[in-house]
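User: Could you help me read this structure? I would like to take it one residue at a time.
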Amino acid sequence: MNEPSGSTPRILYCRCAYAQVVPGAVKDAVLDGLAAAGAEFEAVPDLCEMAARCDPHLAELAAAPGGLRIAACWPRAVRGLFALSDAPLPEQSVEILNMRTDTAETVLAGLGVRVDAEPAQ
């Protein structure tokens, strides 16, 4: 996958593979929407697992030039996971979208991804 430009917020999608607290239909629809729109994004299996391992990639994500938009679960939990890994997220340049409570359409709109009314054939 190509690296996004420095002025465009990077998109991070969490699959929530282990805790499975995000409804499957929402996760699938967000992932499908990102792919269908041709959006540049990074998908990770599980941010909780990455934080538990103190994965150094979290620090790279937190320092993304241009900001970061994260599709995951509760914003407070996501911020806590990054902080746990000594990679606190900046307050101003990060937007966290909650796939646990929001619709796929709301999350995709928050990520800046346009969803066509008609699915592609």
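User: Where is His 57 found?
Analyst: His 57 lies in helix H3, which covers residues 57-62. Helices are DSSP runs of H or I with at least four residues, strands are E runs of at least two, and both are numbered from the N terminus. This is a predicted model, in which local features need pLDDT of at least 70, side-chain atom pairs count only at pLDDT 80 or more, and totals for chains, interfaces and linings use all residues. Residues are numbered from 1 along each chain as its sequence is written, and side-chain values use heavy atoms, with hydrogens and water left out.
User: Is His 57 buried or exposed?
Analyst: His 57 counts as buried because its relative accessibility is 18%. Buried means under 20% relative accessible area, exposed means over 50%, and partly exposed is in between (1.4 Å probe, protein chains only).
User: And which residues is His 57 in contact with?
Analyst: Apart from neighbours within four places in sequence, His 57 is in contact (heavy atoms within 4.5 Å) with Arg 10, Glu 42 and Met 50.
User: New topic: where is Gln 20?
Analyst: Gln 20 sits in the loop between strand E1 (10-14) and helix H1 (24-37). Its phi is near 55°, a positive value in a residue other than glycine. Gln 20 is exposed because its relative accessible area is 56%.
User: What about the phi of Cys 54?
Analyst: Cys 54 is not a glycine, yet its phi is positive, at about 50°. Cys 54 belongs to the loop between helix H2 (47-52) and H3. With 43% relative accessibility, Cys 54 counts as partly exposed.
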